[in-house]
Amino acid sequence: MLNQTAINKHSDVWNNCLRIIEQIIEPQQFATWFKPIVPVDFQQNTLTVEVPSHFFREYIEDAFLDVLKSTLKRVIGADAKLLYQVKPVSTEKPMVYPASDGNTPMNKAVSINTFHPAENPGPFVFPGLKKLVINPRLNPAFSFKNLIEGECNKMGITAGITISDRPGKTPFNPLFIFGGSGLGKTHLAQAIGIEITRKSPELVVLYLTGSEFKTQFMNAVNVHNKLADFLAFYMRIDVLIVDDIQDLASQGAQHAFFNIFNHLHQSGKQLIFTSDRAPVDLQNFEERLLSRFKWGLSVQLSQPDYNTRLSMLRSRCFREGVEVPEEVLEFLASRIKSNFRELEGVLISLIAHATLAHEDISLSLAEQVTGSLVSEQQNNISIEAVQSTVCDYFNITHEQMVSPCRKRQIVQARQIAMYLSRTLIPNCSLSTIGSEIGGKDHATVLHACTTVTDLMSTDKTFRQYVNDIHKMLVPMDR
């Protein structure tokens with residue numbers, strides 16, 4: 001280790017580190033990932049370096065963390081620390097990230113009442129602890145400041161901000177957020193939780209998935225025989241956020257969750273759920289639980305429009321510390337229409353390609369990346385368009401399609417129209433499809449989709465019908 005008094009400049013420290021790292025990793029990796037790093041400060045065993053982008057920082061942490069740790073200890077000492085400063089793309093103050101996990105929201109310590117105080121009182125508690133700090137399990141990246149508002153999520157954001165001001169004391173309890181994959185359900189739910197921890201640090205917030213709750217319940221009952229302690233733990237939560245509640249399709253877990261729901265709701269605690277479908281479309285759920293999901297506010301997140309997608313891309317570029325030409329952002333926003341997740345994924349892939357290949361981010365590179373990652377987007381397809389195409393294919397009228405007629409040809413055409421509407425139209429609920437195709441309920445639509453799926457696997461002719469109509473609605477050369 002070097003004498004600490006001999007090191008008085010950040011450039012000296014970093015150059016000493018580079019000399020060591022250069023002997024450990026491949027020359028190309030060294031040139032790509034370490035030469036662009038610029039030392040900016042060194043104080044009290046803490047070295048601050050500037051990196052080109054947030055993506056660059058994440059890659060360094062993933063690929064070379066052990067190398068960095070051992071090198072810094074050799075050069076600075078056992079107490080060495082590293083801070084990253086992402087190069088800003090404007091005159092805004094640079095964003096600084098610690099080399100370990102960032103400042104994640106935390107709850108205060110709470111006591112858990114159990115029947116066996118000396119034993120494990122809940123799924124997150126260790127034996128012997130009288131007080132417990134419950135990790136809210138919130139990702140600081142999923143904050144409101146990183147959530148772009150548009151018509152697709154405006155109601156959800158407004159409701160979320162209202163809830164964060166007065167959790168458990170608004171008409172929006174529970175808040176049920178539903179919509180297709182990648183539309184920001186998890187981000188919105190966690191943003192509410194993060195804002196509550198900021199405004200009301202005395203409240204205990206917990207985020208988990210429906211699948212995790214079900215697994216914890218099974219362990220509490222079948223492994224530890226601690227159901228009472230399991231319930232006692234969850235009844236101590238002030239704000240409970242359950243993501244993908246549709247995965248809670250287990251009778252025993254639902255019964256336990258019903259009791260937890262009742263206790264928290266009656267105690268004025270806030271409940272927030274997300275799902276890939278509306279409450280009315282959830283399957284294998286107890287009716288009494290479904291009715292409670294409808295007590296508060298149900299908000300549907302839809303596909304983002306062009307302006308919202310473009311705003312999201314600009315925001316993410318700023319967070320990554322990367323300059324991307326406006327024409328490239330406009331191209332991506334017009335090309336990827338389905339959801340935020342796919343849009344962000346393509347942007348990160350584009351940044352990675354440019355970084356690794358030492359290329360500028362250009363329109364041609366964007367076309368290349370999207371061509372390999374994104375399928376051509378379907379034109380907007382409506383239920384009306386599906387019905388019209390099915391009617392033309394089977395040579396029947398729309399009146400026959402929506403009539404109560406039980407002729408086999410009419411019934412099959414109606415079922416195929418329901419199936420294709422469900423398959424080709426994102427975020428279209430079973431109830432909506434049923435109401436537009438003959439005024440049917442969601443159970444009838446679900447039965448139709450199941451019937452079509454079964455027939456396609458056993459009836460070659462029927463499968464050809466469905467494939468033909470599918471190609472008419474979504475041509476292969478599009």
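Predicted model: local features only at pLDDT ≥ 70, side-chain atom pairs only at ≥ 80, totals over all residues.

Colleague: Where is Y306 placed, and which residues does Y306 touch?

Modeller: Y306 is in helix α10. Leaving aside residues up to four places away in sequence, Y306 touches E330, A333 and S334. Y306 and S334 are separated by 28 residues in sequence, while their C-alpha atoms are 6.5 Å apart.

Colleague: How do α10 and α11 pack?

Modeller: Helix α11 covers residues 326–335, and α10 packs with α11 at an angle of about 130 degrees, the axes being 9 Å apart. That angle makes α10 oblique to α11. The crossing of the two helices, α10 and α11, is right-handed.

Colleague: Which residues meet there, in α10 and in α11?

Modeller: From α10 there are Y306, R309, L310, L313, R314 and C317, and they meet E326, L329, E330, L332, A333 and S334 of α11. By class, this contact of α10 with α11 has seven nonpolar residues, one polar and four charged.

Colleague: And what about α10 and α12, at which angle do their axes cross?

Modeller: The axes of α10 (residues 306–320) and α12 (residues 340–357) cross at roughly 45 degrees and come within 11 Å. Therefore α10 is oblique to α12. The crossing of α10 past α12 is right-handed.

Colleague: Which residues make that contact?

Modeller: On the α10 side they are T308, R309, M312, L313, R316, C317, R319 and E320, and on the α12 side F340, L343, E344, L347, I348 and I351. The residues of this contact of α10 with α12 divide into eight nonpolar, one polar and five charged.

Colleague: Let us turn to the strands. What is the strand order in the open sheet of five?

Modeller: The order is β8-β9-β10-β7-β11, and the pairing is parallel.

Colleague: Why is one side of β8 and of β11 left without a neighbour in the sheet?

Modeller: β8 (205–209) and β11 stand at the edges with a single partner strand each, so one side of each has no neighbour in the sheet. On average, neighbouring strands of this sheet are turned by 15 degrees against each other, with direction ignored.

Colleague: How many bridges join β7 to β10?

Modeller: Four bridges join them, and β7 and β10 (residues 270–275) run parallel. In that pair, L175 stands opposite I272 of β10. β7 also pairs with β11 (residues 297–300) in the parallel sense over four bridges, and there L175 stands opposite L297.

Colleague: How many bridges are there between β9 and β10?

Modeller: β9 (residues 239–243) pairs with β10 in the parallel sense over four bridges. L240 has L271 of β10 as its bridge partner.

Colleague: Are the residues on the two faces of β7 buried or exposed?

Modeller: Both faces of β7 (residues 175–178) are covered. L175 and I177 on one side, and F176 and F178 on the other, are all buried. In a regular strand the side chains alternate between the two faces of the sheet.

Colleague: Which strands does α4 lie across?

Modeller: Helix α4 (residues 154–165) lies across β7, β10 and β11, and runs at about 140 degrees to β11. In the loop between α4 and β7 lies P174. N173 and P174 are joined by a cis peptide bond with omega of about 10 degrees.

Colleague: Another topic: what is the phi of Q44, and what is the phi of N45?

Modeller: Q44 has a positive phi of about 50 degrees although it is not a glycine. N45, also a residue other than glycine, has a positive phi near 65 degrees. Most residues other than glycine have a negative phi, and most peptide bonds are trans.

Colleague: Where does Q44 lie, and is Q44 buried or exposed?

Modeller: Q44 lies in the loop between β1 (38–43) and β2 (46–51), and N45 is found in that loop too. Q44 is exposed, with a relative accessible area of 77%, whereas N45 is partly exposed at 24%.

Colleague: Finally, how many helices and strands does the chain have?

Modeller: The chain has 19 helices and eleven strands. Of its 478 residues, 49% are buried.

Terms used: Residues numbered from 1 in each chain as written. Heavy atoms only, no water. Buried < 20%, exposed > 50% of the residue type's maximum accessible area, 1.4 Å probe, protein only. Pairing = 2+ DSSP bridges. Axes fitted to C-alpha atoms, helices over the stretch in contact; angles between N-to-C directions. Contact = heavy atoms within 4.5 Å. Parallel < 35°, antiparallel > 145°, perpendicular 65-115°, else oblique. Left-handed = near helix turned anticlockwise from the far one by under 90°. Nonpolar A, V, L, I, M, F, W, Y, C, P; charged D, E, K, R; others polar.
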